[in-house]
Structure formats: C-alpha cells, structure tokens
Amino acid sequence: MKTNRFWAWLTFILGAAYFIVPLLATFEFSLRMRRGEYSFDAYASVFADPYFASSFGYSVIIGLFTIVVGVLVVVPAVYFVRLRMPWLRPFMEFITLLPLVIPALVLVYGYIRLYNSSSIIPFTGSALGTDILLTGAYVTLALPYMYRAVDNGMRTIDIATLTEAAQIMGANQAQIISRIILPNILVAILSGAFLTFAIVIGEFTIASLLNRPAFGPYLVGIGTNRAYEPAALAIISFIITWGAMGMINVLSRFAPRTSARTD
Amino acid sequence: MTDTASPRRIPWDALAVAPFIIFAVMFLFLPTLGIIGAAFTDRAGNFTFDNIFGLFTDQILAAYWISIRISGASAFFGALIGLAIVLAIIRGRLPAPLRSAVMTFSGVASNFAGVPLAFAFIATLGRLGLVTIILRTVFGLDIYRSGFNLLSFWGLTLTYLYFQIPLMMLTIAPAVDGLKKEWNEAAQMLGASQWQFWRYVGFPILWPSVLGTLSLLFANAFGAIATAWALTGSNLNIVTVLLYNQIRGDALQNPGLGAALALGMIVITSLANVIYLVVAARAERWMK
C-alpha cells in the first residue's frame with residue numbers, strides 16, 4: 001500500500017499548489033506598488049479611499065438585514081413544518097433548491113421587470129425600495145444555505161421531544177420558540193448567518209443591476225481603473241471570507257446535540 | 001388541557017409558514033413566471049413564438065455554446081479533481097489534521113468567487129502576473145506568446161476551477177465517508193484487486209452523488225457572471241454577459257428577446273438537474 005500513499009500525497013500537493021500559488025501571487029502583486037521595493041502602499045491607498053469605507057459599510061448593513069430577514073423567514077417555517085406539517089417538506093426542499101437552479105442574473109431581471117416604478121409594488125421607484133428589493137434578492141441567494149443550516153440544526157436537537165416537554169411544563173408557543181428552540185439552534189443560525197454574510201459582502205451582479213453603491217460594484221470599478229489596488233482588495237476579501245468561514249468552524253464546536261428519536 | 005384558556009386559537013402553523021410562502025412567491029415564483037410570460041409576448045402584448053425563434057442567431061447561439069462549454073469543462077474537471085483530492089485525503093491515509101484544514105480551506109475557497117477571484121487570477125496569470133513572469137524569466141516559457149490567454153475559454157475554466165473544485169470536495173466528502181473500510185476488506189478477502197473494488201463497489205456507490213454534484217457545478221458556473229465580467233469586461237460573449245448587457249441597456253433591441261434569453265438559461269440549468277434526477281433514480285434502484 002506504499003504506492004497508494006505516494007499517489008495520495010502527490011494529488012494533495014498538486015491540489016494545494018493550485019490553491020496556494022494564486023494567493024501568494026496576488027499577495028506579491030499587491031506589494032509591488034512602489035517601484036523597486038515591496039510596500040503596503042496599495043493597502044494604504046485602498047483604506048484611504050472614502051468609497052471603500054462607504055461601499056463596504058453599505059454592504060455590511062445590507063448583509064445584516066439579509067441575515068435578520070432570512071432567519072425570520074426560515075426558522076419558524078422549518079420548525080412548524082418539521083413538527084406539524086411534514087407533508088410540506090418536499091415542497092420546501094424544492095423551493096430552497098430553486099435559487100441554485102435559476103441564475104441570480106435571471107432572478108434580478110425578473111425583479112426589475114416585475115417591481116419597476118409603474119408596477120403595483122414599485123420597489124425600484126425609490127432608494128429605500130431598491131434597498132428592500134436588494135435585501136430580498138440576497139435572502140433568496142442565501143436561502144439554500146440558510147435553510148440547510150437551520151434544518152441541520154433542528155435535526156440534531158430533537159425538537160418534537162423538546163416541544164412536548166415544554167408544553168407539559170406549561171410553556172406557550174412563543175415561549176417554546178424563543179426560550180427552548182432558538183437557544184438550541186443558535187449555533188446553526190449563526191453558521192447560516194456567516195455564510196450569508198460571505199455570499200452577500202462582495203456580490204456584484206444584483207447590486208450593480210439595481211444601481212446600489214455596494215462593495216461588489218466598487219470592486220469592479222477599482223479593477224478597471226487601478227493596477228495594484230485590485231490585488232490588495234482580493235487579499236482583503238479573502239481574509240473577510242476566511243474570517244466568516246473560520247467563525248462557522250469555531251461555532252460548530254459549541255453546537256448542542258440531543259440524540260434524535262429513531263422514528 | 002383544552003383550548004378554553006385561549007378563546008381565539010392562534011393558527012401558529014399557518015402564521016409561521018406564511019412568510020416563507022409569501023417570500024417564495026414574491027422573490028422566486030412571480031419573477032420567474034414573469035420572465036417566462038415575457039418570453040412569449042410581443043411588444044403589443046400578444047402571444048408569440050418570435051422571441052424564441054429570435055434566439056437562433058449566430059451571436060446568441062455562440063454565446064450559449066461557449067457558456068455551456070465553460071460550465072461543462074469546469075464542472076467536469078472540478079468534479080474529477082475534487083473527487084481525486086477527497087479520495088486522497090480520506091482514503092489515502094494522509095494525516096488526520098490535514099483533512100480538517102483542507103475542508104476549512106474548501107469552505108473559504110468555494111465562497112471566494114466573483115470579482116476578487118478575477119483579481120487574484122489577473123495577478124497570477126495575467127500578462128504581468130507572478131506565474132507568467134516566473135515562467136518567462138526562469139523557464140523561458142512565454143505562455144501568452146504560446147497562445148494562452150486568461151480571457152479565453154481555458155483561462156476562464158482554470159479560474160472557475162478555483163471555486164468548483166472546493167464545492168465538489170465539500171459536497172462529495174460525506175459520500176466518500178460513507179464508503180466503509182469493511183467493504184474494501186471484504187472485497188480483498190474475496191480476491192478483488194483495488195481496481196475491481198472501485199469498478200464494482202466504490203464507484204457505483206459514489207456515482208449518484210458525483211452526478212448530482214456535477215449538475216450543481218454546471219448550474220453554478222452557467223449562472224456565474226461576476227468573475228467573467230471583472231476579468232474581461234463586456235468583451236467575452238458568454239450568455240450571462242449578453243443578458244447583463246441586455247438588462248443594462250437593451251443590447252438586443254428587444255425586451256422580449258432578453259426574456260427569451262433568460263428563459264433559455266433556466267431551461268438549460270433545469271435540464272442539467274432533470275438529467276441528474278433521472279440517472280440518480282436509476283442508479284439508486286438497486287440500493288434499496
């Protein structure tokens with residue numbers, strides 16, 4: 001079995017090279033701004049740009065709203081469907097897979113046609129309306145991931161037993177959700193939240209077609225006008241993504257588990 | 001234990017599921033139906049097939065074809081390479097800490113798509129990229145003179161693999177974990193070679209999962225635009241760039257044709273999923 005291990009290592013090393021070389025090359029490129037020596041000038045230039053702060057701040061705020069709306073839409077639905085309406089499950093699974101099948105570009109085209117300023121719900125008629133539409137679009141993009149995270153969270157805790165126990169103790173429905181279910185799936189929700197954040201923060205297509213001053217369109221603008229700043233921004237984006245994913249990993253160690261019923 | 005305590009019983013079930021349903025209708029069903037409707041409507045609002053027939057021009061067909069080729073190639077190689085790396089890590093008895101590190105990295109890389117990814121590959125394989133320069137100065141190989149271009153079919157496929165391979169790894173790892181060591185031992189005791197084990201046991205079990213991920217990867221690349229846009233601007237004639245230009249400024253001079261273009265994209269990604277469902281159903285028949 002010696003040969004087996006050799007091939008395993010070779011595959012691993014080749015794969016690792018493909019993933020690490022672009023990161024190193026990008027980092028090296030980002031340091032080349034000053035002629036003849038390495039410097040962090042490109043990063044300084046990025047952070048000094050007021051549009052960097054404003055577009056990044058805008059995307060963070062939209063990201064936070066996306067997370068809140070996503071949780072409010074997904075959590076109660078998953079809970080009640082698991083508990084009382086299991087016949088709705090295939091339908092829910094189908095809906096949450098749709099954003100993976102229908103390209104985001106097609107969806108935003110549909111939004112622009114449907115919610116234009118002369119329609120019944122004129123989202124695109126005002127800046128606030130467009131922000132709401134953008135948030136809705138991002139919730140849709142993140143729906144498959146948020147749903148799966150919450151659904152997995154509810155599978156590992158036994159919600160039926162927890163609910164029955166709480167009911168016997170005299171808790172009402174609101175108490176059950178807020179004091180029993182939510183704390184138990186908090187880690188799962190946060191995982192979904194960080195994943196949502198990673199998806200939303202640099203999103204370009206929808207934000208640019210809705211003409212919102214988000215981080216993604218800002219990145220593209222820098223890409224067409226500057227040489228070294230894009231590399232610095234790529235490294236910064238990678239660190240942000242890494243941070244969001246790292247949080248999911250750290251959180252997963254705190255996930256509560258009750259053994260689920262085997263029925 | 002009766003409902004007399006609360007005179008009006010609150011229909012919690014319906015209330016809890018309603019936001020989800022309303023959301024799905026507003027942001028998934030209605031926009032999609034609107035596109036489908038517009039694809040079959042002319043400017044005066046009458047039913048027509050003209051928009052669909054309008055797709056059959058050289059430019060639009062070429063755009064679909066290059067999109068399908070890039071998505072197909074990046075899905076195929078992404079699945080192949082992703083599966084190889086997962087097998088190496090899980091079955092190749094590499095050190096255990098390596099596995100969690102690789103999986104964490106996959107989570108990051110699969111989300112490191114879009115504009116920053118394009119920047120990274122310009123800094124790597126662009127005309128002034130580090131790898132381009134090292135290949136030229138150290139190895140004397142000028143990849144741009146020998147026909148390579150980052151803004152081409154292979155350049156874009158190579159870039160897409162950066163998120164396709166990790167996505168494959170993340171989705172296929174549970175299936176590879178499901179291959180029990182005992183099956184390999186049993187096969188060996190019955191005299192099977194490693195190749196026979198994979199041919200008759202391992203691969204048939206993994207096949208539905210591989211195929212499912214393949215259709216996911218295809219749809220993932222087919223709908224992607226940000227990476228291509230940041231790499232090439234509006235120059236590359238792929239179907240997403242064409243539709244983007246249409247939405248921005250009616251590049252096709254006909255909104256109905258734009259809707260037909262979008263409908264074509266939905267049909268292609270749906271087809272990929274239907275093929276998967278059919279083959280998966282056939283593959284899983286004997287497993288029950």
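Ser59(A) counts as buried because 26 C-beta neighbours lie inside 10 Å; the cut-offs are 20 or more other C-beta atoms within 10 Å for buried, 12 or fewer for exposed, and partly exposed in between, with C-beta atoms placed from the backbone. Before I go on, this is a predicted model, in which local features need pLDDT of at least 70 and side-chain atom pairs count only at pLDDT 80 or more, while totals for chains, interfaces and linings use all residues. Residues are numbered from 1 along each chain as its sequence is written, and chains are lettered from A and ligands numbered from 1 in the order in which they are written.

Back to Ser59(A). Helix 3 (residues 50-83) of chain A holds this residue; helices are DSSP runs of H or I with at least four residues, strands are E runs of at least two, and both are numbered from the N terminus. Leaving aside residues up to four places away in sequence, Ser59(A) touches Val200(A), Ile201(A), Ala214(A) and Phe215(A), where contact means C-beta atoms, placed from the backbone, within 7 Å. Glu203(A) is 144 residues away from Ser59(A) along the chain, yet their C-alpha atoms are separated by 8.8 Å.

Now chain B. Chain B has 12 helices and 0 strands. Its radius of gyration is 24 Å, well over the 19 Å from the globule rule for 288 residues, so chain B is more spread out than a compact globule. That radius is taken over C-alpha atoms, and the rule is 2.2 Å times the number of residues to the power 0.38. The C-alpha trace of chain B spans about 80 × 70 × 35 Å along its principal axes, and 39% of the 288 residues count as buried.

How do helix 3 (residues 58-91) and helix 11 (residues 239-249) of chain B pack? Their angle is about 130°, with axes 7 Å apart; axes are lines fitted to C-alpha atoms, for helices over the stretch in contact, and angles run from 0 to 180 degrees between N-to-C directions. The two helices of chain B are therefore oblique to each other, given that angles under 35 degrees count as roughly parallel, over 145 as roughly antiparallel, 65 to 115 as roughly perpendicular and the rest as oblique. Helix 3 of chain B contributes Ala63(B), Tyr64(B) and Ser67(B) to the contact, and helix 11 of chain B contributes Val239(B), Thr240(B) and Leu242(B).

Last, the interface. Chain B puts 61 residues into the contact and chain A puts in 67 residues. Helix 1 (residues 12-39) of chain B supplies the largest share of the chain B side, 16 residues.

Technical notes
Two residues are in contact if their C-beta atoms, placed from the backbone, lie within 7 Å.
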